[in-house]
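Look over the sequence and the model before reading on. The paragraphs below take the structure one region at a time.

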Amino acid sequence: MKRIYFDHNATTPIHPEILERSGQWLKSWGNASSIHQSGREPKTIIREARKNFSDLIHVNQLEVIFTAGGSESNNFAIKGIFFQNNKSTAIAKNHYLVSTVEHPSVLETFEFLKRQGADVEYIDVNKFGEIDLEKFERQVRSDTALVSCMLANNETGHVFPIRKMAKIAHEKGALFHTDAVQALGKMSLNISELEVDLASFSGHKFYALKGVGVLYVRTGVRLENLIHGGGQERNRRAGTENTLSIA
Ligand SMILES: Cc1ncc(COP(=O)(O)O)c(C=O)c1O
């Protein structure tokens, strides 16, 4: 019996080109940080992948950080801003806004923030899954550090007015994060035009392998590292790169 797969929001099949080329990529087993011959090939593969991905979402290559997936990207964005804000003893901003319909990797990260003393408030949606922009505008405060709202919902498919929301947040001096995991590959996407500060992506939601994702960090946005260690990803995300999945 022919099986038709209809759950591309859970995960997507692996693209045939990946199946075809993975043997070749796996042969580049070296450590991209090695300064000798074996490090050169993986380094080139990763450089090319970064260029391709940044072109795909219309951002600068330096704004792309490879992670281990959507969950890590969301954790990195939210905790990264929180820890950055808490570096000094006098916390300047401690108010956070998040929609009620986020993926658990966002909602649970905000639960963690609450346990660290953050003031987290929720942006409600109506029965159609839509946000009331005027109500949202009233919720953003001068001490709001970060607003997080997904671009496309994983269950309803609703697409949120992220550009307008980011503009409202910026007017009050807050940063804006969007979980764009379910948007990429399903709608045209220009992250620069959306004017968000941070955006999360996951490889396995658009035909790539599992265990790889991206956090887009707009130039100038400062966030504390989540994974400390080596100097990979321009000192922002430690750990020997997963060359195959990144490719
Ligand atoms: C909206 C959304 N964000 C984040 C994730 C987590 O991505 P990953 O599975 O790569 O950790 C998912 C996965 O279901 C998702 O649907």
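How do the residues of the shell around the ligand divide into nonpolar, polar and charged? The model that answers this is predicted. Two residues of the shell are nonpolar, eleven are polar and one is charged. In total, 14 residues surround the ligand. The closest are Gly-69, Gly-70, Ser-71, His-103 and Ser-202. Helix α3, spanning residues 70–85, supplies the largest share of the shell, with three residues.

Turn next to the strands. In β1, Val-64 and Phe-66 lie on one side, while Ile-65 and Thr-67 lie on the other. In a regular strand, side chains alternate between the two faces of the sheet. Are these four residues of β1 buried or exposed? They are all buried, and both faces of the strand are covered. β1 pairs with strand β7 (residues 213–217). The pairing is antiparallel and runs over four bridges. Within it, Ile-65 stands opposite Leu-215 of β7.

Now the nonpolar interior. Nonpolar side chains tend to be buried together in soluble globular proteins. The largest nonpolar core here holds 60 residues. Which of them touch the most other members? They are Val-147, Met-165 and Tyr-216. Leaving aside residues up to four places away in sequence, Met-165 touches Phe-136, Val-147, Cys-149, Phe-160 and Phe-176.

Strand β2 covers residues 95–99 and includes His-95. His-95 has 18 other C-beta atoms within 10 Å, so this residue is partly exposed; a buried residue would need 20 or more. Setting aside residues up to four places away in sequence, His-95 touches Asp-119, Glu-121, Arg-141, Asp-143, Thr-144 and Ala-145. Ile-14 is 81 residues from His-95 in sequence. In space, their C-alpha atoms are 40 Å apart.

Two backbone details remain. Most residues other than glycine have a negative phi. His-58 has a positive phi of about 60°, although it is not a glycine. This histidine, His-58, sits in the loop between α2 (37–57) and β1 (64–67). Where is Glu-195 placed? Glu-195 belongs to the loop between α7 (191–194) and β6 (198–202). With 15 C-beta neighbours inside 10 Å, Glu-195 counts as partly exposed.

Terms used. Residues are numbered from 1 along each chain as its sequence is written. This is a predicted model: local features need pLDDT of at least 70, side-chain atom pairs count only at pLDDT 80 or more; totals for chains, interfaces and linings use all residues. Helices (H or I, at least four residues) and strands (E, at least two) are DSSP runs, numbered from the N terminus. A residue is buried if 20 or more other C-beta atoms lie within 10 Å of its own, exposed if 12 or fewer, and partly exposed in between; C-beta atoms are placed from the backbone. Two residues are in contact if their C-beta atoms, placed from the backbone, lie within 7 Å. A residue is near a molecule or strand if its C-beta atom, placed from the backbone, lies within 6 Å of it. Ala, Val, Leu, Ile, Met, Phe, Trp, Tyr, Cys and Pro count as nonpolar, Asp, Glu, Lys and Arg as charged, and the others, Gly among them, as polar. A nonpolar core is a set of buried Ala, Val, Leu, Ile, Met, Phe, Trp, Tyr and Cys residues joined through C-beta atoms within 7 Å. Two strands pair if DSSP finds at least two bridges between them.
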